[in-house]
Protein chains: 2
Amino acid sequence: MSVTILKGTVISAPALGRLDATENGYLIAEDGVIAGVFSALPERYAGAPVEDFGDALILQSFADLHLHAPQYPMLGMGMDLPLLDWLNAYAFPTEARFADPDYAREIYRKLARELAENGTTRVCMFSSLHTDATLILMEELERAGVTGYVGKVNMDRNAAPGILEEDTEESRRETLRWLESCQDFRYVKPILTPRFTPACSDELMDFLGKLGAERNLPVQSHLSENRAEMDWVRQLHPDCGQYWETYAKYGLWNGRTVMAHCVWCDERERQAIRDAGVTVVHCADSNQNLCSGTAPVRVMLNEGIKVALGSDIAGGDHLSMFDVVAASIRASKARRIQDDWQTDFLTVPEGWYLGTSAGAAYFGEAPGFAPGNPLHALVLDDSALPQPHPLTPSERLERCVYRRQKDAVRAVWSAGRKIFSAE
Amino acid sequence: MSVTILKGTVISAPALGRLDATENGYLIAEDGVIAGVFSALPERYAGAPVEDFGDALILQSFADLHLHAPQYPMLGMGMDLPLLDWLNAYAFPTEARFADPDYAREIYRKLARELAENGTTRVCMFSSLHTDATLILMEELERAGVTGYVGKVNMDRNAAPGILEEDTEESRRETLRWLESCQDFRYVKPILTPRFTPACSDELMDFLGKLGAERNLPVQSHLSENRAEMDWVRQLHPDCGQYWETYAKYGLWNGRTVMAHCVWCDERERQAIRDAGVTVVHCADSNQNLCSGTAPVRVMLNEGIKVALGSDIAGGDHLSMFDVVAASIRASKARRIQDDWQTDFLTVPEGWYLGTSAGAAYFGEAPGFAPGNPLHALVLDDSALPQPHPLTPSERLERCVYRRQKDAVRAVWSAGRKIFSAE
């Protein structure tokens, strides 16, 4: 049995709004699975090697439940445009370049490394429609030690003619080829990925729904992000009362479904989300950058809906989940202001929970550093920041959320493996 | 005569919403004063040394028109609290430490250096109430090459008893001592700084108004930031119909006045701002962090009000004005959403203008790299960022606003002097 023992100021989020801190604590894993957090080294580990990080923070690593890998090269561009124009002017041409496997290799290697270095160890990720590039992406994530789900995108209508399109038959065939080819990855698994309803014919949706049921595959897509998009869905699906029904109709709506955005879901749509156990991925920066709206995260949480966070690069402009957590808190304050102070904002402990435990829950983990979870952790050095007064562990964490510090992540573990070390 | 010739991709903001770009351009200053931007080197400079930055961006440096120097050590802390609680729990105790000149020296030296390295070359800055620390701050800014105004804070009522308070007589006496002692600084000048109306007695305000008129001093303070604060002002000043009148009444309201926030100014208050030529400092991050509200920047700009930007550390949590420009754009999108899409957001060129030309206007500069302006410029290297397609100069600038790149600022000039070089 291999034992990992990390010593430092251990902080975890065992419940929404709660932070547990153990100063001079020990986070211990056996064979990559968490045994517990201890304030003194238990007898049974005496003599085992301890990685002592002194006073540094030992934190849960992040789960990023929505991002578009092929949009990574255009991070921070085109933000003066609304969603549908931005897709056509920037996103689609950028994705089209991933027809070239060499380009895909170069970009995806860099992306995978940057995720690992920033402590994002679990993802739900969109690739492009290109099967080969998708396999390369999965390979590079696997190599970098990032775990989670990656989807070859399906889009057989309303695509970008001549540069980024597939017909229904091709989409089906390539999806099957992709699923055949990605069976050997250990930590990176496939997820069905209809781009969004406007981009997928009924025939394709029907195929994907049946395939998902047959092979027990999870599903990711977009829901109610933008009002123009929703009008479009209504025109395309006069048979469906609400956007979510265009997924549910084809069996793409269940407890393993991840839906990004959900900015405009009304009470009925939220009820459908809760009833099915769908996970909502809040993408605060993206929604603000593209002027989509400000999602009612507090309301969804109060209603018992599962909400996690996504960087949504490149609608969002930050890959680091420290930034994404801070952006979610800021967006919740914008929403509070918009709601005339009638809704509460997300506190730092709440935002932190959403970026870590809530996302990890989608992968079957219990909240916090719970025994039995695979070890997903990062070590953060905040010693370069001044201390105006002696800070509590929670204050230190709060400051790290707001103050993005380059190179402050010193080490990262993913599914028990040390995947990054600044040494 | 000394000539400075900078070669690169020169971008400037000569008007709100407009960017002028000259690729392979020359930005030229004579004796520290801009002569112009040229697409070829004019004959008369033949043989003069050229600093060639290749393809790098040569940009106007920033003006940060509102920040609290003594809150620098607490950047990113206490953000779950509303303004007045945050002041008592965090800001006042942190400021109180500046009674110690050694501490002030250490912190202010670091702050001044960080401003210079981030390309902020003009400031309107609050110190604390401590005269000696204020003089140290001015010295350190002068030494680092940062220009602008610094104010010893006046606060003789509703302060923090026992840790941060001065009585009226002390406030008067120390203000005079400070003004006597800071006459030899060349680039850093004094600005009268009543903290905000609730913190200054009528007697003190009267003194400051007369002093300002007598010595022709500019004024900075806070206005209509938060609704609880405004209620408080109304209780303290039943004689004044609106918050601005509590400054105007004492002669602290004119074309050299800078007022931070102005989140809640209604039409009448905005009219008073415009009529007097007061400069509004928009502090987007701070207003959002403290849940104060979202200032109607677009409306103020449409009405012809002078609006510049402030980092407002430590209500704001970023010192870099790249971040502050991005935050202002995001806030304008939150405001657009709040206004049900009836107001326009700030485009990147508009946000850039506010962070550079609009702030520089307060110091008497014409917009952009106008001939006659003192040379305030920075060189930004964006070569580490991928190019998904060949980018225009404007696209490159836009991306740099969103993607904070550590160490991308390669050199900075302030009032004609090169104050930072990464070499």
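Predicted model: local features only at pLDDT ≥ 70, side-chain atom pairs only at ≥ 80, totals over all residues.

Trainee: Great. What rotation superposes chain A on chain B?
Mentor: A rotation of 180° does it, with 0.0 Å of shift along the axis and an RMSD of 0.0 Å. The two copies are thus related as by a two-fold rotation axis. In chain A, the C-alpha nearest that axis belongs to Gln338(A), 2.6 Å away from it.

Trainee: How much area do they bury between them?
Mentor: About 4,400 Å², with 53% of it on carbon and sulfur atoms. On the chain A side, Asp80(A), Cys291(A) and Pro388(A) supply 14% of the area buried against chain B, more than any other three residues.

Trainee: Let's talk aromatics. How many aromatic pairs are there over all chains?
Mentor: The count comes to 26. One of them is Trp341(A) with Trp264(B), a tilted pair at 5.7 Å centre to centre and 45° between the planes. Trp341(A) lies in the loop between α11 and α12 of chain A, and Trp264(B) in the loop between β12 and α8 of chain B, so this pair joins two chains.

Trainee: Is Trp264(B) buried or partly exposed?
Mentor: Trp264(B) counts as partly exposed, at 26% relative accessibility.

Trainee: Okay, and why is the pair of Tyr149(B) and Phe363(B) called stacked?
Mentor: Their planes are at 25°, with the ring centres 5.7 Å apart, so the pair is stacked; the cut-off for that label is under 30 degrees. The pair links distant parts of the chain: Tyr149(B) sits in strand β7, Phe363(B) in the loop between α12 and β15, and they are 214 residues apart. Tyr149(B) is buried, with a relative accessible area of 14%, whereas Phe363(B) counts as partly exposed at 25%.

Trainee: Which rings form a cluster in chain A?
Mentor: Ring pairs link Phe62(A), Phe322(A) and Trp352(A) into one.

Trainee: Where do the charged ends of Arg227(A) and Lys333(A) sit?
Mentor: Arg227(A) has its charged end over the ring of Trp341(B), 4.4 Å from the ring centre. For Lys333(A), the ring below the charged end is that of Phe345(A), with its centre 4.8 Å away.

Trainee: Switching topic: how covered is strand β11 of chain B?
Mentor: Mostly covered: 5 of its 5 residues are buried. In a regular strand the side chains alternate between the two faces of the sheet. Here Val219(B), Ser221(B) and Leu223(B) are on one side and Gln220(B) and His222(B) on the other, and both faces are covered.

Trainee: What is β11(B) joined to?
Mentor: To strand β12 of chain B, by 5 bridges, and the two run parallel. Within β12(B), Met259(B) is the bridge partner of Ser221(B).

Trainee: What about Asn158(A)?
Mentor: Asn158(A) also has a positive phi, near 50°. Asn158(A) is placed in the loop between β8 and α4 of chain A, and at 40% relative accessibility it counts as partly exposed.

Trainee: Last one: what does Arg396(B) touch?
Mentor: Leaving aside residues up to four places away in sequence, Arg396(B) touches Thr9(B), Asp55(B), Ala56(B), Leu57(B), Asp382(B) and Leu391(B). Arg396(B) is in helix α13 of chain B and counts as buried, at 3% relative accessibility.

Key:
Residues numbered from 1 in each chain as written. Chains lettered and ligands numbered in written order. Heavy atoms only, no water. Least-squares fit on C-alpha atoms with pLDDT ≥ 70 in both. Buried < 20%, exposed > 50% of the residue type's maximum accessible area, 1.4 Å probe, protein only. Helix = DSSP H or I, 4+ residues; strand = E, 2+ residues; numbered from the N terminus. Pairing = 2+ DSSP bridges. Phe/Tyr/Trp six-rings, centres within 6.5 Å; stacked < 30°, edge-to-face > 60°. Lys NZ or Arg CZ within 6 Å of the ring centre and 35° of its normal. Buried area = accessible area lost by both parts, 1.4 Å probe. Contact = heavy atoms within 4.5 Å.
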